[in-house]
Amino acid sequence: MASIIRKNWEIVTGCERLTEGCDSCPSYWYYKDNDLDYSVVPHINLLNIPVDDQFSKIYTVAVGSDLFHESVSLDNLKLIFDVMNRSRHHYFEIVTKRIERASCVAKELNWTDNIWLGVAIESGKYRWRIDYLRKTPAKFKFLSACPMLGPFTQIDLSGINQVGVVEETWLHKREIKNEWVEDLKEQCEEQGVDFAMNDSYIWEKE
């Protein structure tokens, strides 16, 4: 799957700062620098983009935003999930920091195998998010250490399929220490979890 095309599906835009991991979000700074409103807005008019796309892709859902933000109603989530359920020729990658809400509404949604759910986790300080992720019915669960701002000491990775680390190469470019990465990689190997460093997929140009 290393050569599959990846494409953004901006079905939701806008967000708000939650933790220090948000401080160099490219989307936030783009809106701020251009004096644009960064309120959370679902774009239901874009629902059919994956349905109309005949060629298999990995769609990153609401990139730069958060699909499970409280401003996205359950009715809109059901509409979005219905599209993903019907578009089995694509994979849909959702990353959230609001994993508590995702866990709460998960039973109202249909988690087909092509929907991957990940939680952004900046360091071991936020390990509690993994517990919420484990409770969801998503078939493929992953952790996104993007950015990685501290060590992940003795992390329980049971029920997790993959851990990904992406270096912060934009805006603040905060330091990532090799020992943090190596320790997390070793924990993945010991617990039989896939480990990925940086992004190996091909992005489709608009």
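**Exercise 1. Classify glutamine 154 by its accessibility: is it buried or exposed?**

Solution. Start with the cut-offs: buried means under 20% relative accessible area, exposed over 50%, and partly exposed in between, with a 1.4 Å probe and protein chains only. Glutamine 154 has a relative accessible area of 70%, so it is exposed. Glutamine 154 sits in the loop between β7 and β8. Helices (H or I, at least four residues) and strands (E, at least two) are DSSP runs, numbered from the N terminus. Then check the backbone. Glutamine 154 is not a glycine, yet its phi is positive, about 50°. Most residues other than glycine have a negative phi, and most peptide bonds are trans.

Note the basis of these values. This is a predicted model, with local features needing pLDDT of at least 70, side-chain atom pairs counting only at pLDDT 80 or more, and totals for chains, interfaces and linings using all residues. Residues are numbered from 1 along each chain as its sequence is written, and side-chain values use heavy atoms, with hydrogens and water left out.

**Exercise 2. Find where alanine 62 lies, and decide whether it is buried or exposed.**

Solution. Alanine 62 is in the loop between β4 (58-61) and α3 (74-86). Its phi is near 60°, a positive value in a residue other than glycine. The relative accessibility of alanine 62 is 2%, so it counts as buried.

**Exercise 3. Which peptide bond is cis, with omega near 0°?**

Solution. The bond runs from cysteine 146 to proline 147. Proline 147 belongs to the loop between β7 (140-145) and β8 (162-165).

**Exercise 4. Describe the surroundings of glutamate 168.**

Solution. First, locate it: glutamate 168 lies in the loop between β8 and α6 (178-191). Second, its relative accessible area is 8%, so glutamate 168 is buried. Third, list its contacts (heavy atoms within 4.5 Å). Leaving out residues up to four places away in sequence, glutamate 168 touches Ser24, Pro147, Leu149, Lys173 and Arg174.

**Exercise 5. How many disulfides does the structure hold?**

Solution. A disulfide is a covalent bond between the sulfur atoms of two cysteines. The test here is a pair of cysteine sulfur atoms within 2.5 Å. The count is zero. Cysteine 15 is in no disulfide; its nearest cysteine sulfur, that of cysteine 22, is 6.4 Å away. Cysteine 15 has 18% relative accessibility, so it counts as buried. For cysteine 188, the closest cysteine sulfur is in cysteine 146, at 16 Å, which is too far for a bond. Cysteine 188 is buried too, with a relative accessible area of 0%.
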